[in-house]
Amino acid sequence: MLLNYGKAPFFILLVAVATGIGVLATHRRYEAARPDLVLMTHAKLHADVYLSRLPEFERRYGVKVDVQVVEEVALRTRLLAAFAAGTPVPDLVEIPQDAALFLRGPIRDIGFLDITRWVRAKRLDERMLPARFSMWQRKGVIFALPHDVHPVMLAYRADIVEDELGIDVSKIATWDDFAAMARRIVRYGDDGRPARYALELQDDGGYLLQALLLQRGVGLFDAAGNVTFDSDVAADTVAWAVRQLRGPHRIAYSLGFGPTLWEGMQDGLVLFYFAPDWRTRTIEEYAPSLAGKMKLMALPAWTPGGRRTSTWGATGLAATRGGRNPELAKKLMEFLYVDQTDGGRSSAELRILPAVRAAWSLPVFDTPDPYFRGQPILRLYSRLAGDVPPDYASPFITKAQNKRDSAFAAASAYYSLHGEDGFVDFVRAELRRQADAVRAVIARNQITEQ
Amino acid sequence: MTPAEEHPVHRRHRSPTPRWAPYLFVAPYVALTLVFFAYPFAHAIELAFYQTAGPNARVWVGLGNFRYILSDPDFRTAVRNTAVFSVAGTALMLPTSLGLALILNSGRGRAAGLFRLCFFSPSFVGQIFVGILFAVVLAPDYGLLNRFLQALVGRGLETRWLENTATVMPAIILTNLWLYAGFNMVYFLAALQNVNPDLVDAARMDGAGPWRVFRHVTLPAIRPVAIFVLLISTIGSFQLFELPYALMRSTTSPYGPDNSALFIVGYLYDAAFSIGDLGLASAVGWVLALIILTVSLIQLKLTGAAND
């Protein structure tokens, strides 16, 4: 009958039937070989380390685990769509900090498993750094285990700072000390413009401003979810950063995060860089010519005796409610994030200090790093780890980051035009205006508070 | 003679195929349209009147989403940025594409073909690739553009195209021009090759110079294509998202300093995937559709294409 319309419809039907049979057969084969757990992560480096450890877990429990790497934005949108549509989701997901969006809506609707009781029963909230749970909980309900601590230090060009300029960084205790020392570092070119800067900062605020604010205990939100980035301390920090970037004695420069950063670092355009533990690995990878020329130092404090570190970035591991085997998923979470059966080797390989406090004393973290002139860098980070500030999660975190950075951009523009005249008052007002805009978005929300 | 034999036209003959066969053929298309277009379309209308949070929670807000959008300064910024991009981008795009087409149309041989390929080639790679590429080209100190400017005029090495509210928009417009000028050139080239050569020859014989030939012969002949390019460029500008998003990823904010790279679709994406309110995002989608429809109708009216 179909041939009455020519051969084309017949062949289309043939292709459709063949494709259907193919899909069915492939699906059955997939079902037969389906792993017991699927873990999805945005970090390929993490996946590589997990794959080397998983055989032990699989042997121990007689199961099969599959690890999938998905780009960060794709992971977020896919997971959000899957939660909304009720389609299959992986059993475990490693999520970056700005994915706090998943914590929106009534607690009962959140797509991740409530692991609060399990965490408390295993005393993980004590065994792991408590401040690191701040990113993965809402209203006291914990949804993920923290992977890391990410203390921040300064990585600097020791070959120039110490060998060439003879500066003793151990004498730098506060940011005021740093600014005074930085004036010896800044070098001017023939055109009268600085040709060498002391400190890396971002023109648009961003992560580095956030690190400075967190060091002073100013997060975007407090534990109750209130917007907090418009305090006087925040205004003071923003004003300080703008002066370092735009002032007559500017010491800071923005190199961005692409290839220009590595070029600028290797050329000695900027000498001090914010370096959470994970960034030391990136620096080694992208600036190989600086092997043996770099060193780490603690952040200068804002006041004498104050906090010498901050934090930048976070990853958490959450089990999904749609997962098929939540108990097994929790076992895997514990195996990957809490157990240190490999003596901390995987953490050392990732160059990431784990959130488990007992692990910080493992001997593997004393290994000297020749790139950083033999400094035992993870030991240095571990000494600061206990002082890492909390950074509270909110579903509105991206909005708040955006608004805080808008305030920073406005402050920079104001300073460039008017200098110190009314500057601090302007910064204060602008931060308040932007914080109020976030508050308005939160206030509009009729669901979260139900 | 039977009645049927008297009126052979009215004789009921048996069709070689059953009557349901055509319905069978259109069924896959109809099914796909219903599932992937009609249902989401209807659902998006419904959703625009709800506030949502998470997969299951939603609350009826009536016109609340629309009221919020229209009162939100960020949305006004997004509309302003989109309008500026659309007007300036299209104003640059059309003459550039047409100019390239005119140059290539006057040339012959392999060189013309090679240039055609070169100008068109950015379209092969898409907005994300070009966004990442230009983030490097526009980088301060080490970017190709700044190095070129420094070598040419002795300044500009530190220019922060993507971190300065004043330069973000020009950077995006120029990147978009680089990406799509060659693509639109192909439309103009095809139109130019269809201009009646007899008319051109007749005009020349009547003493018309190159400008008058272009103004009174070529331009009217390619007018339908020019209107088409104007329309798709404008609609494309209003739907801009991937290019600035990829371009600005090298900085901290995907929407630029002080939202200088925030466009309407970026605002929509932010509502859906940052704030997590799909109802608000749907409402933005409808407002955007209305804006595009209005602008397109105005363009059709002004260009006289509606009367054609």
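Author: Two terms come up at once: buried means under 20% relative accessible area, exposed over 50% and partly exposed in between, using a 1.4 Å probe and protein chains only. Helices (H or I, at least four residues) and strands (E, at least two) are DSSP runs, numbered from the N terminus. This is a predicted model, where local features need pLDDT of at least 70, side-chain atom pairs count only at pLDDT 80 or more, and totals for chains, interfaces and linings use all residues. Residues are numbered from 1 along each chain as its sequence is written, chains are lettered from A and ligands numbered from 1 in the order in which they are written, and side-chain values use heavy atoms, leaving out hydrogens and water.

Reader: Which way do the residues of strand 1 of chain A point?

Author: L37(A), L39(A) and T41(A) point one way, V38(A) and M40(A) the other, and all are buried. Because five of the five residues of this strand (residues 37-41) are buried, it is largely enclosed by the rest of the structure.

Reader: Which strand is joined to strand 1 of chain A by five bridges?

Author: Two strands pair if DSSP finds at least two bridges between them. Here the partner is strand 2 (residues 65-69) of chain A, and the two run parallel. V38(A), for instance, stands opposite D66(A). Strand 1 of chain A also pairs in the parallel sense with strand 3 (residues 92-96) of chain A, over two bridges. There, M40(A) has V93(A) as its bridge partner.

Reader: What does the side chain of T41(A) make a polar contact with?

Author: A polar contact is a pair of N or O atoms within 3.5 Å; within protein, one must be able to donate a hydrogen and the other to accept it, and residues adjacent in sequence count only if both atoms are side-chain atoms. For T41(A), the partner is the side chain of E94(A), at 2.6 Å. T41(A) itself has a relative accessible area of 0%.

Reader: How many salt bridges are there across the interface of chain A and chain B?

Author: A salt bridge is a side-chain nitrogen of Lys or Arg within 4 Å of a carboxyl oxygen of Asp or Glu. The rule finds five across this interface. One of the salt bridges joins the side chains of K399(A) and D74(B) (3.4 Å, N to O). Helix 15 of chain A gives the most to the side of chain A that touches chain B, with seven residues.
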